[in-house]
Amino acid sequence: MSRPVPMVLGIDTGGTMSDTVLVSEDGRFVIGKAQTTPENEAIGILNSLRDAAKKWNMTVDEVAKSIRTIIYSGTIMLNRVLTREGLQPLGIITTAGFEDTLRMGRARQSWNTLSYAERLHAISHFHPEPLVPRNMIMGVRERILVTGVEMIPLYESEVEEAARKLIERGAKAIIIMFLNSWANPSHEIKAAEIVEKVAKEKGVSVPIFMSHRIAPVLGELRRLNAVVLQVYAAEPSREQFRKMEEAFRARGFKAPLYIFTNYGTVVPPTFERLIHTVTSGPSAGNVAVQYLANLYGLDYMVGTDVGGTSFDVTTVVARRPIMNPFTIVERYEAAVPSIATESIGAGTGSYIRVDPVTKSLRVGPDSAGYRIGVSWRDGGVETVTINDAMVILGYLNPNYFLGGEIKLDKDRALKEFERQVAQPLGIDVYEAAWGSYMMVADHMRLHLEGIVRGLGFSPENFYLVSYGGGGPSFVAAYTAGMRFAGVMVPEVAPAFSAWGTTLADIGIRAEKSLEAYVPPLPGVKPLGMAEMIMKGVAEMLKIKITGAAEMEGIRGLLSGQAINALNSAWKELRGYIEEEFKRAGLAGEITWRPAVRMLYAGMLDDIEVDAPAIEVDEGLLQKLCESFDNLFEKVYASAARSREFGYVVTRAILTGYMALRKPTLLEEKEETERIPENAFKGEREMYWNGKWYRASLYEMGLLRAGNRVKGPAIIEAPAATYVIPPGFSTRLDRRRIFWLEGGG
């Protein structure tokens, strides 16, 4: 095979590992892994890239010559919020009477990151501390109605006084958020002019951020959270990305750097709404799951990412991700769109402890992260972890962790596990390690099953994809008994999210709140709320309804209002997106993907629906409603449809795309089930469910398409270990995807 030519570099930095994937022009790929370096992420990324390049017998400098695109996803912004090391102090000028919006918060913010069990107990609920103290929030009188009409003019003198006080109190940036600025931003624009004038008079330079520029959507708390997080965590990241680009330039890279978004596209670091990239890592995994769904023709898939610190679950329904209109950032709910991902603190680095009072086993939710566990002496960890348990159980090869880059000490793991867990519980050390491993697997299984069944489906409806560095080590345990339609473990699993970043296009997404009512479609009799709305309109317009003609006229009137509202919103969003592409210096053809969020009138939860075109007329509006009906049936059930109530469009959405070259999975010819001799590495003792087994060992990269491995077995790769328990088997298909089978 010819020497590969690297084309795309995908990056995913987590709390434990920095993953890179190099993809060649012909679809070949190699994975690099290195420990994350939180103090300077570029160091860990270059170490990971060096690890990947080495597998193609290349240096980083050689790779740099041919790379055309660099795509980053990671946790820079999230970590800044978690550690409270963002830009501060910040000042806020808001509508009088809403100064305590951040402190009052919302009930959901006290439990939205808890497990389903913990959500039931009020003692577990607590609200996050606001990122902006109360003395840095000033209220001024003004009021714009939801219709966009000015009811109370802006009290400009109060804005001037508020700006002066905030600047004197040391505000490094000032946020302006008025109640209904999403409907009419004139008051925010005027207030920004006043703040700028005051700052100039005082001889200081203070950045000003307006909420209608960052999140022009209904709901003051989530909008304010979005702007605060943008200024507190995202704006400082621009400097981090600049340093990252400098590190790449110093190694000879000329390719542009893009940042992966929460919703599966990439944007330049200059993108105004950089908060749209705060949860990019989990979203990249979902994009890769979508790719497999389309490749294999599967409508329902669930992706499970086992990392060192967390277990993330994301779903694909009708070959589309479930999109949330808001993003949870360390319990703060922000008006930022994102692919739905549910996470719990359960990973391979989770700490294991014995409760001194109850003498019961506790796992996590805190983690050793990149320091692995007590089995790695250099990590300085004193508390045993799940990684230590897997070393003891024979799953991990102490001499092959990260391909042998890190040597693990099994004797130390045994000694500390005995002292910290086995002795306090009064059980055998191997039983203690097995119990710890299975406790984490049970947490994962309950979390996974809760999400699938919470969507109204059974596991049998879904194909599962297991990925992340710990996914192959746990997949047999956390899927046992759930009867998924199929369980897939990609060879690229350790860097699956990084690989997902390489599948995206440049895409800038913009949204705007609406409240557009669409009456029932022709042929559907209006009932309930629809009948009330239409009769109310008739009464307001003094139209006497004597038959179907009058009702049809009112239906046409309401539909026309919805058409005008949508056309106006998409025109505004298109202008914003074109402005952003121009600001980034990106020239080329833009492909538009319009969408809306809709619900049946009277319902609470809306769904994102693609629109067939950007210019709306009566025919397109009807197609939009029919698409919503079909999608609603797949997400929920046909019996729950309420077409006779009519529809409400709650949000206009528009994404502008510029295409990037993307890799494809390289396909091999499937051979016989017979395993090549050079793939067999010997045998190792493996503990499973109270018994020791002699497990066969295989090198993952040397297995060929069509090979079947029967358990007990362990398939090793430098960046992952795939555990095949007794009673299970796995088959490698032509796309280098392992299919796990068996287990009862």
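Modeller: Let's start with a definition: two strands pair if DSSP finds at least two bridges between them. Helices (H or I, at least four residues) and strands (E, at least two) are DSSP runs, numbered from the N terminus.

Colleague: Before we use that, what should I know about the model and its numbering?

Modeller: This is a predicted model, where local features need pLDDT of at least 70, side-chain atom pairs count only at pLDDT 80 or more, and totals for chains, interfaces and linings use all residues. Residues are numbered from 1 along each chain as its sequence is written, and side-chain values use heavy atoms, with hydrogens and water left out.

Colleague: Okay, what is the strand order in the open sheet with parallel pairing?

Modeller: In general, strands of a sheet pair through backbone hydrogen bonds, either parallel or antiparallel. Here four strands make an open sheet in the order S6-S5-S9-S10, with parallel pairing. Strand S6 (137–140) and strand S10 (208–210) are at the edges with a single partner strand each, so one side of each has no neighbour in the sheet. Three bridges join strand S9 (residues 173–177) to S10, and Ile-174 stands opposite Ile-208 in S10.

Colleague: Which strands does helix H8 lie across?

Modeller: For angles, axes are lines fitted to C-alpha atoms, for helices over the stretch in contact (heavy atoms within 4.5 Å). The angles run from 0 to 180 degrees between N-to-C directions. Helix H8 (residues 220–234) lies across strand S5 (90–95), S9 and S10, and runs at about 160° to S9.

Colleague: And what is the order of the sheet with mixed pairing?

Modeller: That open sheet has four strands, ordered S29-S30-S32-S33. Its edge strands are S29 (680–688) and S33 (720–724), each pairing on one side only. S29 and strand S30 (residues 691–699) run antiparallel, joined by eight bridges; Met-686 has Tyr-693 in S30 as its bridge partner.

Colleague: Now a helix: which residues of H16 are buried?

Modeller: Buried means under 20% relative accessible area, exposed over 50%, partly exposed in between (1.4 Å probe, protein chains only). In H16 (residues 529–540), the buried ones are Ala-530, Met-534, Val-537 and Ala-538. Down the helix axis they fall within an arc of 100° (taken from the directions from the axis to the C-beta atoms), so they line one face. The face turned away from that buried side carries the exposed Met-532, Glu-539 and Met-540.

Colleague: Is Ser-157 buried or exposed?

Modeller: Ser-157, in helix H5 (residues 156–168), is exposed, because its relative accessible area is 54%.

Terms used. The expected span of a helix is 1.5 Å times one less than its number of residues.
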